Amino acid sequence: MTRKRHKRGKKSWLTATAVVCVLGLVVWVSLFVALNNKKVALTEPFVLYIPTGSNYSQVMDSLCTNNCLEDTAFFSMLARYKKYPSNVRPGRYVIEPQMSVNALVNKLRSGNQDAQSVTIGKFRTKQALAGRLAKKFEFDSVQMITALNNDSLMRTLGFTARNAIAIFISNTYEFYWNVTPENLIKRMSTEFDNFWNDSRCKKLEKTGLSRVEAITLASIIEEETNMNDEKADIASVYLNRLRKGMLLQADPTVKFALQDFSLRRILNKHLQYDSPYNTYIYKGLPPAPICIPSAESVDAVLENKRTDYYYFCAKEDFSGYHNFANSMEEHNINANKFRKALNKRKIYK
């Protein structure tokens with residue numbers, strides 16, 4: 001009798017265990033299906049920004065406000081199961097349509113944020129550059145300006161607060177949204193060193209310029225013309241004048257000194273403005289670049305083209321090209337042609 005009861009009890013235990021296993025398997029399969037089938041409620045990509053210091057509630061508010069989730073309860077359950085509330089990481093996250101909720105939680109929890117492309121173009125001032133960058137990153141323009149004006153930081157990288165803009169090489173880069181201004185500048189220092197490869201450094205030696213000086217001269221050329229095929233000629237004019245100890249007399253440096261980039265005509269009163277950037281008054285290169293030049297302008301300096309040009313003037317046909325001259329007499333003829341063309345078009349300032 002006892003043996004029969006024992007067999008009956010063992011059989012019941014086995015049956016119960018089997019039922020539990022089956023139920024567990026059903027629950028596991030259901031959860032697996034849910035994990036892969038529960039999708040975000042988006043028809044187009046959405047960029048979620050999580051500022052530094054954000055908590056889980058703020059992330060949930062952002063997801064719900066922007067209608068990213070169909071089943072907030074499921075997201076919350078899964079997020080808590082994976083301990084996301086205590087692992088919120090700041091950043092820029094692109095949420096794609098048809099992305100599973102499971103994949104979204106994993107992405108946010110791991111901090112696998114998406115980089116963004118940022119183009120560094122021809123910015124003339126640190127303020128203009130900082131204003132542009134502030135629109136792309138978590139930091140604001142004041143924080144960026146503060147970092148650029150940090151002479152201690154800039155000197156550790158081989159620059160100064162005054163010529164800090166020289167560290168930026170015109171190109172398109174990828175950054176994380178929550179990068180700090182200091183780390184962005186350090187990344188630019190690395191890109192600067194990469195730009196100055198062996199080939200460019202060998203060419204630089206022949207010009208007698210430092211890297212920052214070459215960037216500074218290239219910035220003047222960048223402002224003088226958009227025509228890449230004559231940049232080497234313009235560079236030759238300035239290199240010739242530097243070698244001879246002549247004033248550069250570069251109109252773009254006067255515009256920079258005045259901080260008036262709308263000027264189309266440089267008048268005698270403008271040339272008298274006292275500033276270290278005014279190359280009509282002070283010999284040599286200005287103390288820092290007057291814009292971020294393109295690689296083409298830098299390479300035009302490094303080409304170190306040999307000409308006998310000491311002057312150039314915009315062509316009177318307003319084509320964007322220039323007339324070059326090796327004597328003041330010839331240059332005056334060219335300048336008078338352009339002056340008459342300006343008057344004819346009633347361009348007086």
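These are my notebook entries on a predicted model of a single chain.

**Entry 1: the whole chain**

I began with the overall counts. The chain holds 15 helices and 6 strands. Of its 349 residues, 43% are buried. I then looked up how far apart in sequence the contacting residues are. Among contacts with a separation of 6 or more, 64% are between residues 24 or more positions apart.

**Entry 2: strand 2**

How many of the residues of strand 2 are buried? I found that 5 of the 5 residues in 91-95 are buried, so strand 2 is largely enclosed by the rest of the structure. I also noted which way the residues point. Gly91, Tyr93 and Ile95 point one way from the strand, while Arg92 and Val94 point the other way. Both sets are buried.

Next I looked up the pairing. Strand 1, residues 46-50, pairs with strand 2 in the antiparallel sense, over 5 bridges.

**Entry 3: threonine 125**

I went to the loop between strand 3 (116-120) and helix 5 (126-134), where threonine 125 is found. Is threonine 125 buried or exposed? Its relative accessible area is 11%, and the cut-off for buried is under 20%, so threonine 125 counts as buried. A polar atom of the threonine 125 side chain lies 3.0 Å from the backbone nitrogen of alanine 128. Leaving out residues up to four places away in sequence, I listed Ile165, Phe256, Gln259 and Phe261 as the residues that threonine 125 touches.

I picked asparagine 183 and looked up its place, which is in helix 8, residues 181-195. Asparagine 183 has 41% relative accessibility; that value falls between the 20% and 50% cut-offs, so the residue counts as partly exposed. From asparagine 183 to alanine 147 the C-alpha distance is 9.7 Å, and 36 residues separate the two in sequence.

Phenylalanine 192 is also in helix 8. I found 1% relative accessibility for phenylalanine 192, so this residue counts as buried. Which residues does phenylalanine 192 touch, not counting those up to four places away in sequence? My list reads Phe159, Ala166, Ile167, Ile169, Arg211 and Ile215. For one of these, alanine 166, I also took the C-alpha separation from phenylalanine 192: 8.8 Å, at 26 residues apart along the chain.

**Entry 4: helix 10 and helix 12**

I looked up how helix 10 (residues 211-224) meets helix 12 (residues 251-258). Their axes come within 8 Å and cross at roughly 95 degrees. Helix 10 is therefore roughly perpendicular to helix 12. On the helix 10 side I noted Ile220, Glu223 and Glu224 in the contact, and on the helix 12 side Asp251, Pro252 and Thr253. By type, the residues of this contact divide into 3 charged, 2 nonpolar and 1 polar.

**Entry 5: histidine 322**

My last stop was strand 6, residues 322-325, where histidine 322 has its place. Histidine 322 counts as buried because its relative accessibility is 9%. Its side chain is joined to that of glutamate 230 by a polar contact of 2.5 Å. I then listed the contacts of histidine 322, leaving aside neighbours within four places in sequence. They include Glu224, Thr225, Glu230 and Ile234, and also Phe312, Cys313, Ala314 and Lys315.

Key: Residues are numbered from 1 along each chain as its sequence is written. This is a predicted model: local features need pLDDT of at least 70, side-chain atom pairs count only at pLDDT 80 or more; totals for chains, interfaces and linings use all residues. Side-chain values use heavy atoms; hydrogens and water are left out. Buried means under 20% relative accessible area, exposed over 50%, partly exposed in between (1.4 Å probe, protein chains only). Helices (H or I, at least four residues) and strands (E, at least two) are DSSP runs, numbered from the N terminus. Two strands pair if DSSP finds at least two bridges between them. A polar contact is a pair of N or O atoms within 3.5 Å; within protein, one must be able to donate a hydrogen and the other to accept it, and residues adjacent in sequence count only if both atoms are side-chain atoms. Contact means heavy atoms within 4.5 Å. Axes are lines fitted to C-alpha atoms, for helices over the stretch in contact, and angles run from 0 to 180 degrees between N-to-C directions. Angles under 35 degrees count as roughly parallel, over 145 as roughly antiparallel, 65 to 115 as roughly perpendicular and the rest as oblique. Ala, Val, Leu, Ile, Met, Phe, Trp, Tyr, Cys and Pro count as nonpolar, Asp, Glu, Lys and Arg as charged, and the others, Gly among them, as polar.
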